[in-house]
Amino acid sequence: MARYFDVHPDNPQARSIHQIVDLVRSDGLIAYPTDSCFALGCRMGSKDALDRLRAIRQLDDRHHFTLLCHDFAQLGHFVQINNSLFRAVKASTPGPYTFILPATKEVPRRLLHPKKKTVGVRITSHVTAQAILAELGEPLVSSTLLLPGETEPMTQGWEIKEALDHMVDAVVDAGECGTEPTTVVDLSGGVPEILRVGAGDPERFSPSAV
């Protein structure tokens, strides 16, 4: 049965954040809020939690997972960004964008796209997610909490608890959460390609803007 954490949206309780991170470090899978919508998250080294995440979302091995990073310095450890794209990415973080980039050797192979050797990265502005990342000290492997057959992510913590009670280890509720996933921008080819239009303005990555 999943633990339910009711977290203050502006000042997350340190005790709750510590308990959530302990669960993540113990190979737990959590449902948590971001600045776009709820997501599922686990630590990079947890095969069991990642397998459960795949099962909930019914994902195949071509799915691009996202590393939710605390800051730009951390992001830079896990992906390669050339100088021409650096400024555009940095100017859009934190924010509702996910960037597909070539991964460094720091990223476990199971998280990579099998052919492209790429991974998604993003930095969220959500206070609770940032508190979890600061305590954890490493990125969260993350995927939008969009259940198979549904067109929109769930927005209520209690609703997620009811639906996934025996599939996740914790549900983190910090109040209202959006319904629009991030805009996904593939930068792995050197020229921005919009793979999904979401909460972020895709015009920031049009050829004339980059």
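This is a predicted model: local features need pLDDT of at least 70, side-chain atom pairs count only at pLDDT 80 or more; totals for chains, interfaces and linings use all residues.
Residues are numbered from 1 along each chain as its sequence is written, side-chain values use heavy atoms, and hydrogens and water are left out. Local features need pLDDT of at least 70 and side-chain atom pairs count only at pLDDT 80 or more, while totals for chains, interfaces and linings use all residues.

The unreviewed UniProt entry carries the annotation "domain: YrdC-like" for residues 14-200. UniProt positions follow the numbering used here, feature names are shortened, and annotations may be inferred rather than shown by experiment. Over residues 14-200 the chain is 29% helix and 23% strand. The end C-alpha atoms of this stretch are 30 Å apart. Helices (H or I, at least four residues) and strands (E, at least two) are DSSP runs, numbered from the N terminus.

Ten strands form an open sheet with mixed pairing. Their order is β1-β8-β2-β3-β7-β4-β6-β5-β9-β10. Two strands pair if DSSP finds at least two bridges between them. β1 and β10 (193-196) are the edge strands, each pairing on one side only. Neighbouring strands of the sheet are turned by 30° against each other on average, direction ignored. Axes are lines fitted to C-alpha atoms, for helices over the stretch in contact, and angles run from 0 to 180 degrees between N-to-C directions. Strands β3 and β7 (residues 140-144) run antiparallel and are joined by five bridges. Ala39 stands opposite Thr144 in β7.

Helix α1 packs on this sheet. It touches β1, β2, β3, β7 and β8 (contact: heavy atoms within 4.5 Å). The direction of α1 makes about 145° with that of β1. Gln19 lies in α1 (residues 14-25). At 18% relative accessibility, Gln19 counts as buried. Buried means under 20% relative accessible area, exposed over 50%, and partly exposed in between (1.4 Å probe, protein chains only). Residues up to four places away in sequence aside, Gln19 touches Arg3 and Phe5.

In helix α6 (residues 157-164), Gly157, Ile160, Lys161 and Leu164 are buried. Seen down the axis of α6, its buried residues fall within an arc of 105°, so they line one face of the helix. The arc is that of the directions from the helix axis to the C-beta atoms. These residues pack against β1 (3-6), β2 (30-33), β3 (38-43), α2 (47-57) and β8 (170-173).

A disulfide is a pair of cysteine sulfur atoms within 2.5 Å. The count by this rule is zero. Cys37 is buried, at 2% relative accessibility.
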